[in-house]
There are 2 protein chains.
Amino acid sequence: MYKADLARMSEKIHTFATFGDAGHGGITRYSLSPEAQQARAYFQKRMESIGATIETDDFACMYATIPGSDPDAKRIVMASHCDSVKNGGNYDGILGVIGAMEVLEAVVADGIPHKHPLTAMIWTNEEGSLYPPALLGSGAICNPYLPEAIGKNFKEEDMLASKSVLDKTTTFAEALEASGYKGARENRINPDQYKAMFEIHIEQGPILEEAGLDVGVVSCVLGMFNVRVRFYGQAAHAGTFPMAYRQDALYAASKALIYLHDEIDKLDRPELVYTTGEVSIHPCVHTVIPDYVDFSLDVRHEDPELLAEVLKIVNSLADQEWAKCRCEIAPQWNRDTVYFDKTLVGYVKEAAEELGCKHQYINSGAGHDAQFAAYMLPTTMIFASSEKGLSHCEPEHTSDETCTEAVSVMLNAVLKCDAE
Amino acid sequence: MYKADLARMSEKIHTFATFGDAGHGGITRYSLSPEAQQARAYFQKRMESIGATIETDDFACMYATIPGSDPDAKRIVMASHCDSVKNGGNYDGILGVIGAMEVLEAVVADGIPHKHPLTAMIWTNEEGSLYPPALLGSGAICNPYLPEAIGKNFKEEDMLASKSVLDKTTTFAEALEASGYKGARENRINPDQYKAMFEIHIEQGPILEEAGLDVGVVSCVLGMFNVRVRFYGQAAHAGTFPMAYRQDALYAASKALIYLHDEIDKLDRPELVYTTGEVSIHPCVHTVIPDYVDFSLDVRHEDPELLAEVLKIVNSLADQEWAKCRCEIAPQWNRDTVYFDKTLVGYVKEAAEELGCKHQYINSGAGHDAQFAAYMLPTTMIFASSEKGLSHCEPEHTSDETCTEAVSVMLNAVLKCDAE
């Protein structure tokens, strides 16, 4: 078994953590920002120093490739992203880039024989924090391979027209031009030149840690649906309008939210996750009874039948009035569960076993570029355990040792794929 | 009995409705805005045309005064405000100004004998929509007479330093200078020169309409308290964090809000009103479990003991965890019930009876300039019924006839006060 190198891993983890360092343990590194440019330059410098060839495509995705012994073999790519959410952590995304770099560095340093060219790749704008939506780059590049219902939300022209959430003016296309990393469209990852894709990511949840494990062998990205639940009441003065006459949209929404929790929990499926993270309330004045409230509902599970059952509960909200307010359900989007390539998942599992690494099968509740790549070419993912399950926040942490172990698993899985 | 004139009332109501007309039935007329300047100019023009003398004070409050037969008598003032909330209606505030103007116009037109000078007054910035807080002008001018606990929130220097909520830069002091209506400090309403104050206002609630009545004889402004209820949870990814581990601050807040409704409703006091109008939620992203939610709670009733009982229920929220989240109560402000002058209330009641006007005693749940004036000189209010109880919104409406009837009540009550 080959192994990733702890010292090289630590150096990369701690160097990338300086690019966008927000001063209290985490980073803010929006895609194509000056901080992301620093990360890209460091990627390029290290990859060139081991003799890799650098290419970029028209979405500024970066590819560092070392040749294999077979000049006709397709590339095996390892990829993730280097952008972050606002005040994010030092592992989400970048660990997959670091892992890809480490595999190439280990192969070169240890002279590991391999047939296929090996590519370390950076997907552009996975988080979509500055230029929404999330998965913008992979959504556009994999678009011809995506189901219509998903692809329509990631049309190339729409992605290029996405505007900065900060200045509301600059388009993603303008940011691409200004980045200095925009390359040729023909350099895009594609199934003719690429055999398989691997992505390491932190788990972003507490399951592995709770089970005392370091690595997750990811079998799928969970299916989900997202709706907005809306309540229409009547605004009136907080001091003058008797309780008996009120149509309070917030009271209605609170009752419905509790009802949702109660009814969904009766299904007794602990692996089901559902979340209300966003609420808007109008007019949001402390002396006015709210006349409009809406909240988001994000529901995820592998089984489409269970999702349908939950959706039925959600839709039933609109069959009745809540605190004399009308309720309306507005579907936003949904996706089917994306299963990763069984052969690749098997290589990851074998590699973990052979390395004696503490692991289990796991689902991905979060979305990743790999879920879109999976429609285009054989793809899979490897999770490194997250301390306390925290992610998308500055305390996000995974030890250098655990990161290195996950990369060792990927290295050996890639070599199994290479040998096939 | 003397009467207000329907044609003159209609003319004023419909002319003022053009100043800040938002194009769909209501107005936006922030204090000291160009639209408010139009309203002030129209006030001045009409009042000068009947021979009234115009004065302004250093808070740009306007006073139009006609002399009485006794040169040594104090003035009787009728006052309200001409500013509105954003997309407000054509009655809140301005009806009190129109009513004051109409009393002076009726007295002059009909040659009604009176001893005391009569003043129609515009209080500056009652709504505080552009320069917070609400009651800014009366809070500053009546400040020396207010209880310390209230007055500390309306200190003159703080009011002058209040910044525009739109440009976050212009201070209220600068807006006053630019308005052209800033006058002398010695012109401020005061108990040495003023005998009594009357304010007509729309009810802003449905009580009079439901009872089939036109006019309310207001006996007090309800006491109230206002708190923020805060919940501290833990942010995590919506897709990766199992339900059993969550500390969802929004779920916590919803449970607590329902509990509050249940417990307060058990007190079975239908005249009690309590409202949650404002909610803030962090980070408010549909894929993130909220780690912080707070909501406002505004509770109003005449009886301080009942308010104390409700506050006890509210404070008990913090004794327990809600969905594994910590809860904290942050008191914001409170005020005691302000009782209006019994003699003036009696005059209003008599005038309503003598006019054969359908009326009842009523409390004011909303705050008004009159509640601060009441600490300085004998004060009272008269309500005109509100259609459907709607207010602070464009559909706010009271018929010209009902408005005129309320003004007839004020005219005769003022004459009773004059004769005393």
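With 19 C-beta neighbours inside 10 Å, A:A323 counts as partly exposed, a description that, like everything below, refers to a predicted model. A:A323 sits in the loop that connects helix 10 (304-316) to strand 11 (326-335) of chain A. Once neighbours within four places in sequence are set aside, the contacts of A:A323 are A:Q247, A:D248, A:Y251, A:A252 and A:K255. Between A:A323 and A:Q247 there are 76 residues of separation along the chain, yet their C-alpha atoms are separated by 6.2 Å.

Leaving aside neighbours within four places in sequence, A:Y251 is in contact with A:A323 and, across the chain boundary, with B:H261. A:Y251 and A:R185, by contrast, lie 66 residues apart in sequence and 52 Å apart in space, taken from C-alpha to C-alpha.

**The two chains**

The contact between the chains involves 50 residues of chain A and 50 residues of chain B. On the side of chain A that touches chain B, at least two residues each are supplied by helix 9 (249-266), strand 8 (273-275), strand 9 (279-282) and strand 10 (292-301). Helix 9 of chain A provides the largest share of that side, with 7 residues. By class, the side of chain A that touches chain B comprises 27 nonpolar, 18 polar and 5 charged residues.

Chain A is superposed on chain B by a rotation of 180° with 0.1 Å of shift along its axis, at an RMSD of 0.1 Å. This is the relation of a two-fold axis. Both copies use the same surface, in that 100% of the contact residues of chain A recur in chain B. Among the residues of chain A, A:S254 comes closest to the rotation axis, with its C-alpha at 2.5 Å.

**Domains and cores**

Chain A is assigned two domains, domain 1 (6-221 + 337-419) and domain 2 (223-335). Their centres, taken over C-alpha atoms, are separated by 36 Å. The contact between them takes 6 residues from domain 1 of chain A and 6 residues from domain 2 of chain A. On the side of domain 1 of chain A that touches domain 2 of chain A, 2 residues are nonpolar, 4 are polar and none is charged.

In soluble globular proteins, nonpolar side chains tend to be buried together. Here the largest nonpolar core has 259 residues, and those with the most contacts inside it are A:M121, A:I382, A:M410, B:M121, B:I382 and B:M410. Beyond its neighbours within four places in sequence, A:M121 is in contact with residues including A:C61, A:M62, A:Y63, A:V77 and A:I189. Another core, of 10 residues, lies apart from the largest one and has A:A238, A:F241, A:V288 and B:C393 among its members.

**Strand pairing in chain B**

Strand 5 (residues 194-202) of chain B is mostly covered, since 8 of its 9 residues are buried. Strand 5 of chain B pairs in the parallel sense with strand 3 (residues 75-81) of chain B over 4 bridges, and B:A196 is the bridge partner of B:I76. Strand 5 of chain B also runs parallel to strand 14 (residues 379-384) of chain B, to which 6 bridges join it, with B:I202 standing opposite B:A384. Elsewhere, strand 1 (residues 53-56) and strand 2 (residues 62-66) of chain B run antiparallel and are joined by 4 bridges, and B:I54 has B:A64 as its bridge partner.

**Backbone features**

Most residues other than glycine have a negative phi, and most peptide bonds are trans. The following table lists departures from that pattern.

| Site | Feature | Angle |
|---|---|---|
| A:P132 to A:P133 | cis peptide bond | omega near 5° |
| A:H282 to A:P283 | cis peptide bond | omega about 0° |
| A:N87 | positive phi | phi near 50° |
| B:A60 | positive phi | phi near 65° |

A:P133 lies in the loop between strand 4 (118-123) and helix 4 (136-141) of chain A, whereas A:P283 is placed in the loop between strand 9 and strand 10 of chain A. A:N87 occupies the loop between strand 3 (75-81) and helix 3 (94-110) of chain A; with 16 other C-beta atoms within 10 Å, A:N87 is partly exposed. B:A60 is part of the hairpin of strand 1 and strand 2 of chain B, which has 5 residues between the strands, and because 24 other C-beta atoms lie within 10 Å, B:A60 is buried.

Technical notes: Residues are numbered from 1 along each chain as its sequence is written. Chains are lettered from A and ligands numbered from 1 in the order in which they are written. This is a predicted model: local features need pLDDT of at least 70, side-chain atom pairs count only at pLDDT 80 or more; totals for chains, interfaces and linings use all residues. Two residues are in contact if their C-beta atoms, placed from the backbone, lie within 7 Å. Ala, Val, Leu, Ile, Met, Phe, Trp, Tyr, Cys and Pro count as nonpolar, Asp, Glu, Lys and Arg as charged, and the others, Gly among them, as polar. Copies are superposed by least squares on the C-alpha atoms of residues with pLDDT of at least 70 in both. A residue is buried if 20 or more other C-beta atoms lie within 10 Å of its own, exposed if 12 or fewer, and partly exposed in between; C-beta atoms are placed from the backbone. Two strands pair if DSSP finds at least two bridges between them. Domain bounds come from an automatic or database domain assignment. A nonpolar core is a set of buried Ala, Val, Leu, Ile, Met, Phe, Trp, Tyr and Cys residues joined through C-beta atoms within 7 Å.
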